[in-house]
Structure formats: C-alpha cells, structure tokens
Amino acid sequence: MGTIALEGLEFFSYHGFYDEEQKIGNKYSVDIVVTADFSEAARRDRLSATVNYEDLYRITAAVMKQPARLLEHIAHQIIQEIRTTYSELEAVEVSVSKFNPPIGGVCHRAKITLKE
C-alpha cells in the first residue's frame, strides 16, 4: 500500500451556512490523500497504473464550483467523485478548510476531515 497526496489546493468558492457567505464567497483549501496498491505503477512506470494528479484536481475543482452549506458535504462529494473515477482505492481522505470563518473571533481556518 502507498499514498498519493495533494496538499493545499486553493479555491475561491461560494460555500457557507449563511446566505451572506454564499453571496460574497471565501478562500478554501483542500487536501486529498488516496491509499491504494501502487506496486504495479512502481514496477511498470505507467500513469495508467496509478492515480493521475490532474484527475484529482479536476474532480475537486468541479465540486468546489457547486455551492454548499457545509464543509462536510463538500468533502463527501469530493470523495464520492474520486471513488467513481478510481473504484480500486483502499481509502480516500479529504480535508476542507475555510479561511477566516465567521465565528465572531480570530480564527485563521476552520477545517474538517473525512475518510472513507
């Protein structure tokens, strides 16, 4: 088993529980870790035997364009789309962070992580 990770993908999107958040938008960060058997890719040196980073980014960017209320929903949608493309994965872990969340105090980021 091995992992492939994309860290710090950044997007400006229109998510949030409050209507105002969905109107003005905010900056978000996404981290993805996929776990699978990459031994064939390591032996054969073929992209077709592994997970393409571009696919992971494209999937994430498409989900980030769809407004959502909860970070948990965004992470779940990303996981589902990745699993649709790469059904053989052992695990998919996605973290979604919202910069400067509206909590009434100083907070650099609010972050959730789902692993399925």
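Predicted model: local features only at pLDDT ≥ 70, side-chain atom pairs only at ≥ 80, totals over all residues.
Start with helix 4, residues 71–85. Its 15 residues reach 22 Å from the first C-alpha to the last. That is close to the 21 Å expected at 1.5 Å a residue. Six names matter here: Leu71, Ile74, Ala75, Ile78, Ile79 and Ile82 are buried in helix 4. Seen down the helix axis, the buried residues fall within an arc of 135 degrees, so they line one face of helix 4. An α-helix has 3.6 residues a turn, so residues three or four places apart point the same way. What does the buried part of helix 4 pack against? Its partners are strand 2 (26–36), helix 3 (53–64), strand 3 (91–99) and strand 4 (109–115).

Now turn to the charged side chains. Side chains of opposite charge can pair when their charged atoms come close. The whole structure holds 5 salt bridges. One of them joins Asp19 to Arg69, with the closest N and O atoms 3.0 Å apart. This pair links distant parts of the chain, 50 residues apart. Asp19 sits in helix 1 (residues 19–24), while Arg69 is in the loop between helix 3 and helix 4. Asp19 is partly exposed at 48% relative accessible area. Arg69 is partly exposed too, at 40%.

Other pairs lie within a helix. Glu40 and Arg44 are both in helix 2 (residues 39–44), 4 residues apart, about one turn. The closest N and O atoms of their salt bridge are 2.2 Å apart. Glu40 is partly exposed at 38%, and Arg44 is partly exposed at 41%. In helix 3, Asp55 and Arg58 are 3 residues apart, again about one helical turn. Their salt bridge has its closest N and O atoms 3.7 Å apart. Arg58 is partly exposed, at 48%.

Terms used: Residues numbered from 1 in each chain as written. Heavy atoms only, no water. Helix = DSSP H or I, 4+ residues; strand = E, 2+ residues; numbered from the N terminus. Expected span 1.5 Å × (residues − 1). Buried < 20%, exposed > 50% of the residue type's maximum accessible area, 1.4 Å probe, protein only. Arc of directions from axis to C-beta. Contact = heavy atoms within 4.5 Å. Salt bridge = Lys/Arg side-chain N within 4 Å of Asp/Glu carboxyl O.
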